[in-house]
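The exercises below concern a predicted model.

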Amino acid sequence: MTSRIARARKLMENHDLAQAPKAYELLRLEMESGNHEARYAIGTWYLHGFFLKKSIRKGLSLIAEAADNGIADAAFDMGVSFELGAGRKANEKKAFC
């Protein structure tokens with residue numbers, strides 16, 4: 001784990017929204033550097049509307065990119081999305097592949 005991601009996690013460990021802008025900036029820098037763990041984190045923020053304006057489409061797009069690049073939690077979330085039809089048409093075949 002990179003030090004910026006660790007710092008972002010530390011900032012958010014108490015769910016203090018006042019720290020969210022600092023945490024987001026650290027994650028954004030990591031994402032722009034090609035870090036897919038940071039891409040997944042930001043994707044979940046968009047998906048759930050945490051600190052950022054909720055955007056299921058943008059959240060799932062970022063999470064899908066993270067999943068395609070080996071982030072296991074992101075792959076799991078994509079499977080759940082396909083299983084439940086959350087933000088997309090339900091597709092059992094894609095959910096369990």
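**Exercise 1.** Classify Tyr24 as buried or exposed.

*Solution.* Step 1: the relative accessibility of Tyr24 is 19%. Step 2: the cut-off for a buried residue is under 20%. Step 3: Tyr24 therefore counts as buried.

**Exercise 2.** Apply the accessibility classes to Trp45 and to Phe51.

*Solution.* Step 1: Trp45 has a relative accessibility of 10% and so counts as buried. Step 2: Phe51, at 38% relative accessibility, counts as partly exposed, since that class lies between the 20% and 50% limits.

**Exercise 3.** Determine the geometry of the ring pair formed by Trp45 and Phe51.

*Solution.* Step 1: the ring centres of Trp45 and Phe51 are 6.0 Å apart, and the limit for a pair is within 6.5 Å. Step 2: the two planes stand at 80°, while edge-to-face requires over 60 degrees. Step 3: the pair of Trp45 and Phe51 is therefore edge-to-face.

**Exercise 4.** Describe the largest pocket by its volume, its lining residues and their classes.

*Solution.* Step 1: the largest pocket holds about 230 Å³ of space. Step 2: its lining comprises 14 residues, of which Arg9, Leu27, Glu37, Ala41 and Trp45 are the closest to the centre. Step 3: helix 1 (3-12), helix 2 (20-32) and helix 3 (36-48) each contribute at least two lining residues, and helix 3 gives the most, with 6. Step 4: the lining divides into 10 nonpolar, 1 polar and 3 charged residues.

**Exercise 5.** Summarise the protein chain as a whole: how many helices and strands are there, and what share of the residues is buried?

*Solution.* Step 1: the chain has 6 helices and 0 strands, in the order α-α-α-α-α-α along the sequence. Step 2: 36% of its 97 residues count as buried. Step 3: the accessible surface is about 6,100 Å², with 53% belonging to carbon and sulfur atoms. Step 4: among contacts between residues at least 6 apart in sequence, 33% join residues at least 24 apart.

Technical notes:
Residues are numbered from 1 along each chain as its sequence is written. This is a predicted model: local features need pLDDT of at least 70, side-chain atom pairs count only at pLDDT 80 or more; totals for chains, interfaces and linings use all residues. Side-chain values use heavy atoms; hydrogens and water are left out. On a 1 Å grid over the protein atoms alone, a cavity is a set of points where a 1.4 Å probe fits but cannot get out, and a pocket is an open set with protein on both sides within 12 Å along at least five of seven lines; lining residues have an atom within 4 Å of a point. Grid points are joined across faces, edges and corners, and a volume is the space filled by probe spheres set on the points. Helices (H or I, at least four residues) and strands (E, at least two) are DSSP runs, numbered from the N terminus. Ala, Val, Leu, Ile, Met, Phe, Trp, Tyr, Cys and Pro count as nonpolar, Asp, Glu, Lys and Arg as charged, and the others, Gly among them, as polar. Buried means under 20% relative accessible area, exposed over 50%, partly exposed in between (1.4 Å probe, protein chains only). Rings of Phe, Tyr and Trp (its six-membered ring) pair if their centres lie within 6.5 Å; planes under 30 degrees apart count as stacked, over 60 as edge-to-face and the rest as tilted. Contact means heavy atoms within 4.5 Å. Accessible areas come from the Shrake-Rupley method with a 1.4 Å probe; for residues, only the protein chains shown count as cover.
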